[in-house]
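Please open the structure in your viewer and keep the selection tool at hand. The tour below tells you what to select at each stop and what to look for there.

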Amino acid sequence: YVYLPLPGAVSDPWKLMLLDATFRAVQQTCHLIHYLRLSHHLIVLNYLICTFDKLKSVSSEDIKITDAVFDGVEVRVFEPPAKGDESLKRSVVYIHGGGWALASARTSLYNNLCRIMAESLNAVVVSVEYRLVPEVCFPEQYHDALRATKHFLQPDVLAEYSVDPSRIAISGDSAGGNLAAAVCQQLSKEENLTVRPKLQALIYPVLQAFDFNTPSYQQNMNMPVLPRYVMVNYWIDYLNGDYGLAHELLVNNHTALNVGRALSFRARLNWTSLLPPSFKKSYKPVVQATGTEAIVERLPALLDVRAVPLLADDATLARQPPTYMLTCENDVLRDDGAMYARRLERAGVPVTLDHFHDCFHGCMIFTVWPTDFSAGVKTRDSYIKWLFENL
């Protein structure tokens with residue numbers, strides 16, 4: 001495969017090329033194990049990631065780290081020490097990425113991110129350890145994230161952790177950003193909640209499976225570390241589909257003009273009106289006149305707003321909290337975030353769109369040697385700065 005970016009296209013290009021080549025080699029090994037019917041490739045891949053990267057729950061002088069269970073869902077809690085006469089702290093519920101199938105709140109990449117957040121913000125950070133594909137598929141990851149968040153938002157639980165009920169943010173990256181957005185939307189509909197999040201902060205989130213030919217999907221279809229076909233396969237795994245559907249999804253046959261169930265959603269994801277010219281460039285929409293309605297019948301979650309938050313109606317969007325949206329130019333998901341930000345703005349929600357021209361998908365968690373990227377430090381610091389100023 002020859003699709004790596006030219007030097008200068010992203011920050012630390014050669015390091016990114018090495019990371020991508022390593023990850024692809026590991027993936028190929030895992031697929032071979034799957035082919036031999038020894039185990040599911042995602043189980044093997046996640047086992048390798050967590051085996052080499054897992055940290056024990058060890059507290060330090062600065063941050064207390066404990067593992068707990070919130071309404072049946074495992075979480076890792078990061079608590080900074082009390083400072084002076086401060087009685088209550090702000091808090092962030094964080095949902096990790098990994099295509100709904102990989103990584104963990106306990107891996108060093110996310111452990112390090114949440115520790116730095118807790119230290120920098122003097123905040124209690126709750127990192128959700130939701131169940132993964134293939135153990136479970138949609139909607140179980142969503143249910144795990146929602147249950148853990150609602151448990152934490154109970155006044156007695158917040159009091160246990162000395163958290164200020166008026167200063168709580170919901171956040172996540174990539175697939176975790178998808179879950180964070182879906183959780184925020186559901187929380188906004190529940191009338192009996194006494195505590196609601198003040199903010200949501202979404203890091204290069206995956207928000208739609210309606211159009212796999214947005215300008216960013218076309219521009220970055222072969223970009224490390226998330227080429228387009230890999231993102232499509234993550235969706236298929238999450239929705240418990242068949243890889244044989246991948247090609248039809250790639251050409252948007254599932255949302256063709258003759259697919260009646262998709263028609264009512266088309267205006268909510270019209271990137272020609274939602275994206276700025278600098279994102280649209282000269283790309284053209286890919287809209288099939290005739291497609292395959294059976295795809296949506298087999299995978300109805302393709303149009304389920306719990307899986308696809310970008311398809312939510314305007315009334316739901318108007319109830320969302322002030323939002324931070326981080327996007328990267330060299331990322332197939334750039335336009336997912338940009339379109340959601342624009343729709344939220346149109347619904348009257350204050351939005352900060354923080355776009356990075358030389359960064360790539362997943363960069364924010366890569367800040368520690370040997371996968372230390374300047375892009376990771378830059379995006380992480382900007383994200384934490386916004387939380388510090390607004391939470």
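A residue is called buried when its relative accessible area is under 20%, exposed when that area is over 50%, and partly exposed in between, using a 1.4 Å probe and protein chains only. This is a predicted model, in which local features need pLDDT of at least 70 and side-chain atom pairs count only at pLDDT 80 or more, while totals for chains, interfaces and linings use all residues. Residues are numbered from 1 along each chain as its sequence is written, and side-chain values use heavy atoms, with hydrogens and water left out.

Rings of Phe, Tyr and Trp (its six-membered ring) pair if their centres lie within 6.5 Å, and planes under 30 degrees apart count as stacked, over 60 as edge-to-face and the rest as tilted. Phe 70 and Phe 152 are a stacked pair, with 6.1 Å from centre to centre and 10° between the planes.

Next, select Phe 138 and Tyr 238, whose ring centres are 5.5 Å apart with planes at 75°, so this pair is edge-to-face. Both Phe 138 and Tyr 238 are buried.

Finally, select Cys 359, which is buried at 0% relative accessibility. A disulfide is counted when two cysteine sulfur atoms lie within 2.5 Å, and the count here is 0. The cysteine sulfur nearest to that of Cys 359 belongs to Cys 363, 4.5 Å away.
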